[in-house]
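Please look over the sequence and the structure shown below before reading on.

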Amino acid sequence: MKTITKVSCVLMLLCAFSTPLFAKKATVKVINQSKWEIHHLFLSPTSEGHWGPDQLGETVLAKGENLTLTNIPCDTYDVKVIDEDGDECIIEAAELCADSSYWKITDAELLECEGYE
C-alpha cells in the first residue's frame, strides 16, 4: 500500500510540473518591410490587460531589417508597434504557436492602424 501511495504521489508531481516544462514555444521572425523605423515592440497575451517588456530593448528595427524572437509561449497575442514618429499600431489576436513563424510589418498595416487606408 505504501508503494502505491508513493508512486501515486510521484505521478501527481510529474503531471503538475511537466506541463510548463514541455509547453510548446514559438520562434517568430519580425521583418520590417515598412518605410519607418520601429522603435518599440510589445507583446501581450490577449487574455491579459498589460503589455510585456519591449522586445526591442535599446535596438531599433530599421527599414528592411529583421529580428527573431525566441522562446515565446504559444498563445494568442496583441502586438503593439511604435514607429520613429511615436505612432502606435496595435495588431490584435496574432496567433503565435509555430516552430518557426514570421510577421511582416508593412506600410499598409501601419497606415491602417493610423486610420489611413
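## The setting of T76

Is T76 buried or exposed? In this predicted model, T76 is buried, because its relative accessible area is 17% and buried means under 20%. T76 belongs to strand β4, which covers residues 75-83.

Leaving aside residues up to four places away in sequence, T76 touches S44, P45 and T46, together with A93, A94 and E95. With E95 there is also a polar contact between the two side chains, at 2.7 Å.

## Two disulfides

A search of the whole structure finds two disulfides, and, with bonded cysteines counted along the chain, they follow the pattern 1-3, 2-4.

One of the two disulfides joins C74 and C97, whose sulfur atoms lie 2.2 Å apart, and this link is right-handed, with 80° about the S-S bond. The pair links distant parts of the chain, 23 residues apart, with C74 in the loop between β3 and β4 and C97 in the loop between β5 and β6. C74 is partly exposed at 24% relative accessible area, and C97 is partly exposed at 36%.

C89 and C113 also form a disulfide, with 2.0 Å between their sulfur atoms, and their link is right-handed with 45° about the S-S bond. Here too distant parts of the chain are linked, since C89 lies in strand β5 and C113 in helix α2, 24 residues apart. C89 is buried at 3% relative accessible area, whereas C113 is partly exposed at 31%.

## Aromatic rings

Zero aromatic pairs are found in a search of the whole structure. The ring of F42, however, has the charged end of K80 sitting over it, 5.3 Å from the ring centre.

Terms used
Residues are numbered from 1 along each chain as its sequence is written. This is a predicted model: local features need pLDDT of at least 70, side-chain atom pairs count only at pLDDT 80 or more; totals for chains, interfaces and linings use all residues. Side-chain values use heavy atoms; hydrogens and water are left out. Helices (H or I, at least four residues) and strands (E, at least two) are DSSP runs, numbered from the N terminus. Buried means under 20% relative accessible area, exposed over 50%, partly exposed in between (1.4 Å probe, protein chains only). A polar contact is a pair of N or O atoms within 3.5 Å; within protein, one must be able to donate a hydrogen and the other to accept it, and residues adjacent in sequence count only if both atoms are side-chain atoms. Contact means heavy atoms within 4.5 Å. Rings of Phe, Tyr and Trp (its six-membered ring) pair if their centres lie within 6.5 Å; planes under 30 degrees apart count as stacked, over 60 as edge-to-face and the rest as tilted. A charge sits over a ring if NZ of Lys or CZ of Arg is within 6 Å of the ring centre and within 35 degrees of the ring normal. A disulfide is a pair of cysteine sulfur atoms within 2.5 Å.
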